[in-house]
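The structure comes before the description.

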There are 2 protein chains.
Amino acid sequence: MIESTPVSVDVLVLRFDPGARTVLLGVAPRAAEPFRGELALPGVLLGLGERLREAGTRAVVGKLGLPSAALTGIGQLRTFDEPSRDPRGPTLSIALWATANSAGEGVRWCTLDEVPPLAFDHNRIVADCAPLLADLLWRHVEFTAGLMGNGFTTAQALDATEALTGDRPYPANLGRTMERVPGLRRTAEHAAALPKGGRPPSLWRWD
Amino acid sequence: MIESTPVSVDVLVLRFDPGARTVLLGVAPRAAEPFRGELALPGVLLGLGERLREAGTRAVVGKLGLPSAALTGIGQLRTFDEPSRDPRGPTLSIALWATANSAGEGVRWCTLDEVPPLAFDHNRIVADCAPLLADLLWRHVEFTAGLMGNGFTTAQALDATEALTGDRPYPANLGRTMERVPGLRRTAEHAAALPKGGRPPSLWRWD
DNA sequence: CAAATAGTGTCTCTAAGACACTATTCC
DNA sequence: GGAATAGTGTCTTAGAGACACTATTTG
């Protein structure tokens with residue numbers, strides 16, 4: 001019988017930062033060889049009998065240092081199978097997305113436009129998965145709810161959409177798109193007053 | 001270090017049968033335990049350093065007996081990670097699609113509507129992947145070209161669409177959809193005369 | 001009131017759906 | 001000509017895009 005390929009799980013952790021008005025990707029320096037000290041996506045080897053989402057959570061908690069309660073959603077993206085992607089030998093990488101609602105400590109958060117050089121083929125993984133992430137927003141409920149949280153404004157939704165797709169939609173159009181997302185509705189509530197004046201925005205919430 | 005989960009590659013091999021006017025899925029009885037003699041998707045364990053499409057080809061050639069030249073396309077679907085899916089122990093299954101242009105021998109071809117009971121969790125894999133396959137038709141060029149081949153009629157396109165989506169579109173509408181597929185065009189050529197009379201259909205070809 | 005931000009109404013454009021109508025063949 | 005199949009023209013509908021206009025706040 002043929003020896004089997006080890007499987008690693010690498011996670012694209014996304015967080016919406018209302019202050020920065022953008023979506024951020026979490027990376028951290030590697031603690032071990034190879035690529036010790038270089039930035040990388042959080043990743044672990046999949047244990048025997050371990051579920052992908054368990055391994056993904058383990059990677060985010062262990063490598064990024066986020067508390068597991070900060071993870072609001074997780075799911076599959078695709079598999080990368082180039083045999084030379086890891087200098088230690090052929091390894092499969094299953095890329096997952098995860099959404100987080102806090103910044104943690106020691107995490108380097110970067111925009112998807114300006115990802116620093118990463119270890120392994122992680123820049124390629126991010127580049128290949130970026131369009132898949134853009135497709136999830138406002139279509140995949142768990143992803144969208146995990147990223148935006150409960151109680152966000154249309155302006156924040158515009159910011160997140162621009163960060164993931166590269167294009168800023170018109171508010172009226174995005175509002176109609178959001179009204180079609182199951183479980184999402186515009187409430188009569190209004191967000192806190194704005195610093196520079198202006199009409200207070202209403203809040204979107206999940207049922 | 002934690003022991004790693006073995007990875008199998010299971011392939012949903014699709015073939016368009018103009019005679020049966022439908023899309024067929026290839027399954028074959030298993031030659032070895034567990035589930036010896038029961039029908040299953042063709043699958044193999046991924047070898048060390050092996051690419052997914054190599055392993056997929058090996059599965060189709062070895063388990064279904066198709067010549068490798070009969071495979072016209074191959075690609076990823078998704079990963080199944082339930083630890084109890086294989087009685088021998090936890091195994092990851094990466095599901096692939098493949099398209100074939102010949103029937104081979106000893107292959108049991110079934111429609112996606114009437115898949116017989118299969119070994120492992122293969123019925124679940126087929127059920128979960130069926131909508132993904134429907135999304136590939138007329139959108140993913142390699143899949144569509146692999147499935148339909150070169151030189152097919154609108155009626156055959158209607159049959160394939162109905163088999164994958166469960167819905168038969170109107171010919172005029174499907175024609176417009178097909179004209180938007182990059183590389184596909186309606187030619188001035190006409191197919192051979194029909195058995196029961198009728199206007200000879202024109203042929204669609206890839207550039 | 002001016003600046004700043006939020007939200008609405010409506011025209012347009014594209015793709016899909018529905019369906020009546022015309023075209024070409026065999027018998 | 002009649003049965004059978006192929007293909008076209010066009011109305012309708014849903015969703016995205018564009019953009020002018022109105023609304024509500026701070027200072």
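## Basis of the description

Domain bounds come from an automatic or database domain assignment. For chain A that assignment gives domain 1 (7-136) and domain 2 (150-206). The centres of domain 1 of chain A and domain 2 of chain A, taken over C-alpha atoms, are 27 Å apart.

This is a predicted model, in which local features need pLDDT of at least 70 and side-chain atom pairs count only at pLDDT 80 or more, while totals for chains, interfaces and linings use all residues. Residues are numbered from 1 along each chain as its sequence is written, chains are lettered from A and ligands numbered from 1 in the order in which they are written, and side-chain values use heavy atoms, with hydrogens and water left out.

## Domain 1 against domain 2 in chain A

The assignment of chain A places domain 1 at 7-136 and domain 2 at 150-206. Nine residues from domain 1 of chain A and seven residues from domain 2 of chain A take part in the contact (heavy atoms within 4.5 Å). Together the two domains bury about 690 Å², with 66% of it on carbon and sulfur atoms; buried area is the accessible area (1.4 Å probe) that two parts lose on being put together, summed over both.

One salt bridge is counted between these domains, a salt bridge being a side-chain nitrogen of Lys or Arg within 4 Å of a carboxyl oxygen of Asp or Glu. A:Arg21 and A:Asp159 meet in a salt bridge through their side chains, at 3.3 Å from N to O. On the side of domain 1 of chain A that touches domain 2 of chain A, the residues comprise seven nonpolar, one polar and one charged. In this grouping Ala, Val, Leu, Ile, Met, Phe, Trp, Tyr, Cys and Pro count as nonpolar, Asp, Glu, Lys and Arg as charged, and the others, Gly among them, as polar.

## Chain B against chain A

Between chain B and chain A, 26 residues of chain B are in contact with 26 residues of chain A. The buried area is about 2,300 Å², of which 58% lies on carbon and sulfur atoms. B:Leu48, B:Arg51 and B:Asp81 supply 24% of the area that chain B buries against chain A, more than any other three residues.

Two salt bridges are found across this interface. B:Asp81 also meets A:Arg51 in a salt bridge between side chains, at 3.0 Å from N to O. The side of chain B that touches chain A divides into 12 nonpolar, six polar and eight charged residues.
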